[in-house]
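I am opening a notebook page on a structure that is new to me.

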Amino acid sequence: MESNPVEQELAPEIEDIVEERISVASQRQLIWWRFRKHRVAVVATVIILLFYTTVLFADFLATSNPADSEAFRGLMPPQPVSLFDGWKPSPHVCAVSGARNLVTFQKEYVRDCDEKIQVRFFARGYDYKFLGIIPTDRHLIGMSDDTLRPEDYMYLLGTDKQGRDMYSRLLFGTRISLLIGLFGVVLSLVLGIVLGAISGFYGGLIDNVIQRIVEITRSIPSIPLYMGIAAAFPSDWSILKIYFAITIIISLFAWTDLARVVRGRFLTMRDEDFVTAAMLSGANQRRVIFRHMLPSFYSHIIAAATLALPLMIIAETTLSFLGLGMRPPAISWGTLLQDAQNIQTIALTPWLMIPALPVILVILALNFMGDGLRDAADPYSN
Amino acid sequence: MNMQPTESETVITEQETGTLPLLAVEDLQTYFFTDEGTVKAVDGASFEVLPGQTLGIVGESGCGKSITAKSILQIIDSPGQIVGGQVKLSLDGTESRNLLDMEPNGIEIRAIRGGEISMIFQEPMTSFSPVHTFGNQIVEAIRLHSSLDADEAHELAVDWMRRVGIPSPEQRMSEYAYQFSGGQRQRAMIAMALCTEPRILIADEPTTALDVTTQAQILDILQSLQKQNEMSILFITHDLGVIAEVADVVAVMYLGKVVEIGPVETIFASPKHPYTKALLSSMPTIDAAPRERMPSITGAIPHPQNRPSGCSFHPRCPSYMSDICGLKEPELMSVGTDQQASCFLYGRD
Amino acid sequence: MLGYLIRRLFYAVLAIWAVTMISFFIINLPPGDYVTSYVAQLAIQGSIMQFEEIENLREFYGLNQPMYVQYLKWMNQIVHGNLGFSFEFGLPVNDVIGERLILTMILALATITFIWLMAIPIGILSAVRQYSIWDHTFTFFGFVGLAVPDFMLALVMMYLGFVLFHFSVGGLFSPEYVTASWSMGRVIDLAQHMIIPILILGTAGTASLIRITRANLLDELRKPYVVTARAKGLSEWRLILKYPVRMALNPAISLTAYILPFLVSGSIVVSVVLGLPTVGPILLKSLVAQDMFLAGSIILLIGSMTVVGTFLSDLLLVWADPRVKFEGRE
């Protein structure tokens, strides 16, 4: 039977449930779903979050006061905590005594496991203020016997030349290096977003000028300049001052990538309808930029920022390693690695290179995380 | 655009028994195995191409016509794979070779590609390499399929550029794609495809990206070259007007299957498959009454991963029969002289 | 195309000018002026300068005059080839830097060559054999290469070299060649010693280039002109190398320009760790000692070299991509 398809009643359509879900999901949800598909990125994010937790809990996780030094226990290899005594669960460290080898003139340490010193969790250690406010002296691991100082017995990752506990120092170094990275990224973000927005939004001559500045900044090698500027810090500057100054000069180079991303987004968005609508409804330009355009690419900015962090960390670590950045007694990954600068040190006391591991891990994780964020934020990049 | 086929179109020649068609596609199946699931892009396409004939494949976007064409030459990108069917090429009418049996990217099929069967594409701008000259790319095609040396190939290429109507061809040989206009690029692509004198030209939407005037010119060139070289054309398009203009035989595809096939006049005059009918009646005509609502096919093309059961058109079909259409899949069956359709209206078997 | 080149040249000159300003700024950063430090240094070493001499020096460097005059005087000297005097070494800066600068350049060029030779084939292989074991392996190493800072890699290499192979990794010449004049033997010696520094410096750059090449090639492989080439009957590898690879090379060239500053930065650090006779170690020394003319000159020279290198790769890009000639794209 012939009939005009338009007038006829049809058999019911099969609605696609999945498609409907996708079409009503908010942008944030879409981004989260896409991000979740990258297993590696998710793992990386967890790792980064764990690291930043140590920033908060550095004191609690540390065993010894990082500044406590005793020459006689210098350059001790890592002393692991044994969890069992035979078959009994009994966490302890073995006593260590040091002697100087008369042939090599090196200090040699002897572990004497007949003498066991018990350790336990939530023990007492040096005093500190948790989160800067609550005074306490509890640490994650310490000695069972309250009269014993962990500084004299616990050397989870060995000691440095001055006999300071590497494990505790590493925790504090992590805190400082990660924070410098974070502040540096924030500064670069501000610079990058402002300049990128102006560049992309106004176009024309301003855009040209800013682009030239970006190009010139990118074609000049950064480390020699960092070195040059950092070397001029007066030696009487406080650690805090140096800290901020380093953050600032590193940011002066790192903003370019962020500016480029922001500018690119603005350029494509400038002609979109919702921008015109906002402007027509009377909003002034600044309002249009910040309230209407920016929110649509928070995710891109976050991705770019995450990818900028590793550069900051590498820059600070390198500078401090060379002696031009953070200076003792400040502890950062770079200053910790300073001790591992020459071949003799590395050959004889390789545990001094352990601070390299968190650096590598954090940078790898940040790269994966940033990649995942970037892929999730931009649906058209695949 | 002329909707009705012109009288001078050749009628399908009677096949003497025993002569194999130039190209016979039988039950071609090409699936795409993606993370989200398997997409059956082509799921049982069958048709034949005779020497000197133009077969038009028509259908909406996504019905699998492009994939069918690419499957013939085995140039499907992963995750696509040809999973079934046969593509038999017979150059002399007596023996045939199954193209799908040939090793993918092997010497045999590479000789066919660009040699016996050439292909032109929809977007001439992106179908040429932007950093190589035209001359380079055309000469490459010539030398791949002949034993001419560089100079001879160059001469031949210039000759072909002239034949497709590109002015100052000698100069054009050393120019790049972005220096040509859209129509000229498409002509150059035709030249590149035909300079090896193939028996079959597969044209995948060659005029879709062009404006109407250029479109007409290109179609003219194609048809005149076809006559000169006695070539068959497999013309793929979604534009029924173009089909009426160029095709001798029409195959209508829907969701990966050929649902109707027959001589062009017959299809246009008396379409049998409900989809064909709907397609034809949804074309805007100059004869329609003013302010009459534009007819369209109700519903939307289902997502290829959600194929309807039974006949894939049944959810949108005005002649839907609830006792069979959603349950069994119809096969192509004869519905007239040289005409076949796959619909239970014409026989339940 | 000419317009494009002239513009790039102009920007390069601007960049070099910026470098000179920054270098000048750095030179003047530490408190006290140059002459005071110089005089004090000489005094420590036992020689006292006459007042007139001091005043002459002040005059010469324009230290009594406003900043921009000093800058101009300094630039004037630079253009005449006089980079100043290093009191740390007691020699004119030119003599101190001399051969080290050439070695720095050789190291940078050799590293770039290495990066190209390694990364392009690996990138192509990774893209063509996507998701294969090779792809995953190279991607992984690529990431590691990006993540590990140069100096750390240098440390690890030193450690491994010492512990596993019992040779000391360091320096660019064997003892007998250090002060010798150039000869074939010296060149070979240099080449052998450069292997490890190149490996270290090249890792991050290779990783980046592999990633970019792979990503771009993957994009290009899906493009219509590749399908056309296949439909013409070209064999897979021939068409891959002729068409999409050629297209994917362009971003690779752009990336090289971007990598150069990082290479130079990295070489500074690595040469400090490995004790190479390039400008790195003396830059560090001069900064620590606040020997500012030496430090500033080094920064000026390597900054300018880098800008020139970037400009040269822009030239390369123009030659490689005819579309740039036509459209004057940046």
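The entries below follow the order in which I looked things up.

**Ground rules.** I note that this is a predicted model, in which local features need pLDDT of at least 70 and side-chain atom pairs count only at pLDDT 80 or more, while totals for chains, interfaces and linings use all residues. Residues are numbered from 1 along each chain as its sequence is written, chains are lettered from A and ligands numbered from 1 in the order in which they are written, and side-chain values use heavy atoms, with hydrogens and water left out.

**Cysteines.** I looked for disulfides, a disulfide being a pair of cysteine sulfur atoms within 2.5 Å, and the count over all chains is 0. I then took up C311(B), whose sulfur has its closest cysteine sulfur in C325(B), at 6.1 Å, and this is too far for a bond. I also checked accessibility, where buried means under 20% relative accessible area, exposed means over 50%, and partly exposed lies in between (1.4 Å probe, protein chains only). By this scale C311(B) is buried at 14%, and C195(B) is buried at 5%.

**Salt bridges.** I count a salt bridge where a side-chain nitrogen of Lys or Arg lies within 4 Å of a carboxyl oxygen of Asp or Glu, and over all chains there are 20 of them. For helices I rely on DSSP runs (H or I, at least four residues), numbered from the N terminus.

I began with E215(A), which has two entries here. Its side chain meets that of R212(A) in a salt bridge of 2.5 Å, N to O. Why are R212(A) and E215(A) separated by about one helical turn? I find that they are 3 residues apart in helix α6 (residues 204-219) of chain A, and this accounts for the spacing. R212(A) is buried, with a relative accessible area of 11%, whereas E215(A) is partly exposed at 27%.

E215(A) also forms a salt bridge with R8(C), with 3.1 Å between the closest N and O atoms. This pair crosses between chains, since R8(C) sits in helix α1 (residues 2-27) of chain C and E215(A) in helix α6 of chain A. I noted R8(C) as buried, at 11% relative accessibility.

**Surface patches.** Patches are made of residues with over 30% relative accessible area and no salt bridge, like charges being joined within 9 Å and nonpolar side chains (Val, Leu, Ile, Met, Phe, Trp, Tyr) within 5 Å. Which residues gather in a patch of negative charge on the surface? I list D149(B), D151(B), E152(B), E155(B) and E170(B). Helix α5 (residues 150-163) of chain B gives the largest share, 3 residues. E152(B) has its place in that helix and is partly exposed, at 39%.

My last entry is a nonpolar surface patch of about 640 Å², made by I102(C), M105(C), I106(C), W182(C), M184(C), V187(C) and I188(C). Two or more residues each come from α5 (93-128) and α8 (184-221) of chain C. I106(C) is found in helix α5 of chain C and is partly exposed, with a relative accessible area of 30%.

Terms used: Areas by Shrake-Rupley, 256 points an atom, 1.4 Å probe, with all protein chains shown as cover. Lys, Arg positive; Asp, Glu negative; His and termini not counted. Charge placed at Lys NZ, Arg CZ, Asp CG, Glu CD.
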